[in-house]
Amino acid sequence: MPILNSIAALSDEMTGWRRHLHQYPELGLDCHKTAAFVVEKLKEFGITDIHEGIARTGVVAIIEGQGEGRCIGLRADMDALPMEDLSGTDHASKIPGMAHTCGHDGHTTMLLGAAKYLAETRNFSGKVALIFQPAEENEGGGRIMVEEGMMDRFGIDEVYGIHNMPGETAGQMHTNRGALLAGVDEFTITLKGVGGHGAMPYETRDPVIAASSLVLALQSIVSRNIDALDRLVVSVTQIHTGTAMNIIPDQAVLNGTVRYFDKEVQALVKARMAEIAEFQAKSYGLEAELVYEEGYPPTINHPEQADFAANVAREIVGDEAVNGDTKPIMPGEDFSYMLEARPGAYLFLGQGDTPTCHHPEYDFNDEISPVGASFFARLIETALPVK
C-alpha cells in the first residue's frame with residue numbers, strides 16, 4: 001500500500017500548514033501560537049476531545065475509533081531553535097532569532113495530516129492519542145508531559161514518533177530494535193588557581209596550562225576506560241578563561257557534552273571525569289570542581305514495536321525503502337522519556353540531500369509530509385483493526 005490517497009490529496013494543504021508554522025517559530029515550553037494553531041485545526045477536523053496546557057503548551061487530543069480497544073499515542077514536537085533562518089525561502093521565519101531548523105514544523109504537520117484522515121475515517125478500534133509536545137530542544141517537554149501523568153491520564157498503551165533525516169533519500173524510513181539515539185549529559189569543570197603577571201608565571205598556579213592538559217586527559221576515558229565496542233563521546237566544547245594578554249587568570253572553566261547508550265558507561269564516565277579533573281588539577285597545584293548534569297536518556301526502541309513499525313513503513317514506501325536495522329547515532333531526543341514510560345518505537349524519515357538539522361539554511365522537505373502522515377495513519381489501522 002503506497003501513500004494513502006486521501007492524504008496525498010492533502011499535500012498542498014499540509015504544505016500550507018507547515019509553511020505557516022515555519023514563519024512563526026516558538027521556543028521551549030512557550031509554543032502558545034503553535035498550540036493554538038494545532039487546536040484550531042483539530043477542531044476543524046471534528047475532534048472534540050482536546051486537552052491543552054500539558055507541559056505548559058502541550059496538547060493531547062483523543063480520537064475514538066469503532067468500539068473498544070487499546071490506546072496508541074502518536075507524538076510530534078512543536079518547538080524551534082534560537083537561531084536565524086538563512087534558508088532564503090519565501091516562507092522564512094518572521095521572528096528574529098528563532099527558526100524551525102530541525103523540522104518540528106514538519107513533524108507537527110505530519111501528525112495533523114494523520115489526525116484529519118483518522119478523524120474522517122475512524123477505521124480502527126480503540127483510541128488514538130495525538131501528542132503535540134513543546135520543548136524537545138532544551139527543557140525536555142517529553143519528560144514533563146510524562147511526569148504530569150499523560151500516559152496514565154489518557155490510558156496510552158504504546159507510543160510512536162518520527163524525525164526527519166537529512167542526507168537520507170526522501171521517503172525512506174529507518175529504525176532499529178534497540179538504542180537509536182544517545183543519552184545526552186553536560187559537564188562544567190572549574191579549575192581554581194592563582195593568577196598573576198604573564199611575565200612572571202612562576203608566581204602563579206596557571207589554570208590555562210592545566211585546562212589544556214585536562215582536555216587531552218579527558219579523552220583517555222573514551223580511548224582507555226571504555227570497551228571499544230561501546231559507543232561514547234566526550235567532547236570539551238568551551239574553555240572560558242582570561243581577561244588580558246599579559247595576565248595569567250586565576251581560574252578556567254571547561255564545558256562539554258557526553259553522549260552514551262549504556263547506563264553503566266554513563267556511571268563510569270562520571271566517576272572517571274571526577275577523578276581525572278581532581279588529580280590533573282592537583283598535579284598543577286590547583287583545585288577542581290566538577291558539575292555533571294544528566295540530561296535526556298538514550299532513546300531505546302522496544303524490539304516488538306520497532307519490528308511492527310518497520311513492517312507498517314514497508315507497506316507505505318516499499319521493502320527496499322525501509323532499513324529496520326539502522327545504526328544508532330549520537331544526537332539525543334526527549335522522546336526517550338516516553339519510551340521509558342511505554343513500549344513503542346522512533347523512526348527516521350529521509351528528507352533528501354538538504355542542509356542538516358540545526359543548520360541555518362535548513363528547511364523541511366514538504367514532499368515527505370504525506371509519507372509521514374500515511375505511516376501514522378496506517379500504523380493505527382494496522383495496530384487497532386476494527387473488530
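Glutamate 158 has a relative accessibility of 12% and therefore counts as buried. In this predicted model, glutamate 158 forms a salt bridge with arginine 70, with 2.9 Å between the closest N and O atoms. The pair links distant parts of the chain, 88 residues apart: arginine 70 belongs to the loop between strand E2 (58-64) and strand E3 (71-77), and glutamate 158 to strand E5 (residues 158-165). Arginine 70 is partly exposed, at 34% relative accessibility.

The protein chain contains twelve helices and 16 strands. Its radius of gyration is 24 Å, close to the 21 Å that the globule rule gives for 387 residues, so the chain is as compact as a globular protein of that length. Buried residues account for 53% of the 387 residues. Of the contacts between residues at least 6 apart in sequence, 83% join residues at least 24 apart.

The chain carries 29 positive and 56 negative side chains, the centres of the two sets lying 3 Å apart.

| Salt bridge | Closest N and O atoms |
|---|---|
| Arginine 70 and glutamate 158 | 2.9 Å |
| Aspartate 307 and arginine 177 | 3.0 Å |
| Lysine 270 and glutamate 294 | 2.7 Å |

Lysine 270, in helix H9 (residues 263-283), and glutamate 294, in strand E13 (residues 287-294), are 24 residues apart. Lysine 270 is partly exposed, with a relative accessible area of 31%, and glutamate 294 is partly exposed at 48%. Aspartate 307 is likewise partly exposed, at 31%, as is arginine 177 at 46%. A network of salt bridges links Arg18, Arg19, Asp105, Asp363 and Asp366.

Terms used. Residues numbered from 1 in each chain as written. Predicted model: local features only at pLDDT ≥ 70, side-chain atom pairs only at ≥ 80, totals over all residues. Heavy atoms only, no water. Helix = DSSP H or I, 4+ residues; strand = E, 2+ residues; numbered from the N terminus. Rg over C-alpha atoms; globule rule 2.2 N^0.38 Å. Buried < 20%, exposed > 50% of the residue type's maximum accessible area, 1.4 Å probe, protein only. Contact = heavy atoms within 4.5 Å. Lys, Arg positive; Asp, Glu negative; His and termini not counted. Charge placed at Lys NZ, Arg CZ, Asp CG, Glu CD. Salt bridge = Lys/Arg side-chain N within 4 Å of Asp/Glu carboxyl O.
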